[in-house]
Amino acid sequence: LEVVGMISKSRASLLRLRYRAHGVRLTTRFCSTGSSNGQVTWRSLTGTFDLLTINARHIFNSINLQILNVVYPNAWDASAFRAGSTEAYAQVNRLLDESDFLTLRGLLSDELLDELRQSHADLSEGVDYSLVEVRQLGIFKSVAKADEMGDEAIFVTPLLRVTEKYTLARDHMTWWEVRRLHKWTFKRVLPSEDGGEPSDWQIVAMDKKRWRPTEI
């Protein structure tokens, strides 16, 4: 996990803090000089491990998904999924900010939609959001299994590297640019023995919600 934040300050300052969170030692550094912007960087062992292992994980999962395609033709398209997963990240966040939960129904599982409906307004209050960049680094995890309805389905979790900008609504001179790793799990129901086509992809899990600055 890496979070890079930018916040403008009027006075030069430098502060280094070390603390322990979730069993991982983090280093936070605040720095600004004159009119320049300060930078904050957070790193965790978990995020570093994910980055170090994503290439091997991607190769392993890609082979498994290609084998799945032999049994269920057209169930997996790597290029389409790469483009679709990044587009889904952008669209879901846009619809959340518009409180368009009707359009989100079907794109997200009912459980995840209800969870975001309850939490998103508080997390986004007083902060303007914009997506700077989202990039899929690889397939972190994939599994084929029966879902809660007993239907055969595949669950694919890409590792996304996302950069976002958060601007304080009451002061547009104060903003943060945040880079984090995200793992969103996508589900697709596979065709039954009678044939047919795979279902559309649906997002069923997110490992992180909207970031919110602790300073407000």
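The legends below describe close-up views of a predicted model.

Residues are numbered from 1 along each chain as its sequence is written, and side-chain values use heavy atoms, with hydrogens and water left out. Because the model is predicted, local features need pLDDT of at least 70 and side-chain atom pairs count only at pLDDT 80 or more, whereas totals for chains, interfaces and linings use all residues.

**View 1. The open four-stranded sheet.** Four strands, in the order S5-S6-S7-S8, make up an open sheet with antiparallel pairing; strands pair if DSSP finds at least two bridges between them, and helices (H or I, at least four residues) and strands (E, at least two) are DSSP runs numbered from the N terminus. Strand S5 (127–146) and strand S8 (202–206) stand at the edges with a single partner strand each, so one side of each is left without a neighbour in the sheet. From one strand to the next, the twist averages 30°, where axes are lines fitted to C-alpha atoms, for helices over the stretch in contact, and angles run from 0 to 180 degrees between N-to-C directions.

View 2. S5 and strand S6 (residues 152–168) run antiparallel and are joined by 17 bridges, with lysine 141 having threonine 157 as its bridge partner in S6 and glutamine 136 standing opposite leucine 160. The hairpin of S5 and S6 has five residues between the strands, and in this hairpin glycine 150 takes a positive phi near 85°. S6 is joined to S7 by 13 bridges, again in antiparallel fashion; the bridge partner of glutamate 164 in S7 is valine 178, and the hairpin of S6 and S7 has six residues between them. Of the 17 residues of S6, 14 are buried, so this strand is largely enclosed by the rest of the structure; buried means under 20% relative accessible area, exposed over 50%, and partly exposed in between (1.4 Å probe, protein chains only).

**View 3. Surroundings of glutamate 152.** Glutamate 152 lies in strand S6 and, at 37% relative accessibility, counts as partly exposed. Leaving out residues up to four places away in sequence, glutamate 152 touches Tyr72, Lys145, Ala146, Arg188, Val189 and Leu190, contact being heavy atoms within 4.5 Å.

View 4. Helix H2 (residues 78–97) lies across S5, S6, strand S7 (175–189) and S8, and runs at about 130° to S5. Helix H4 (residues 110–124) also packs on the sheet, where H4 touches S5 and S8 and makes about 60° with the direction of S8. Apart from neighbours within four places in sequence, methionine 206 is in contact with Val92, Leu108, Leu112, Leu116, Lys183 and Trp184.
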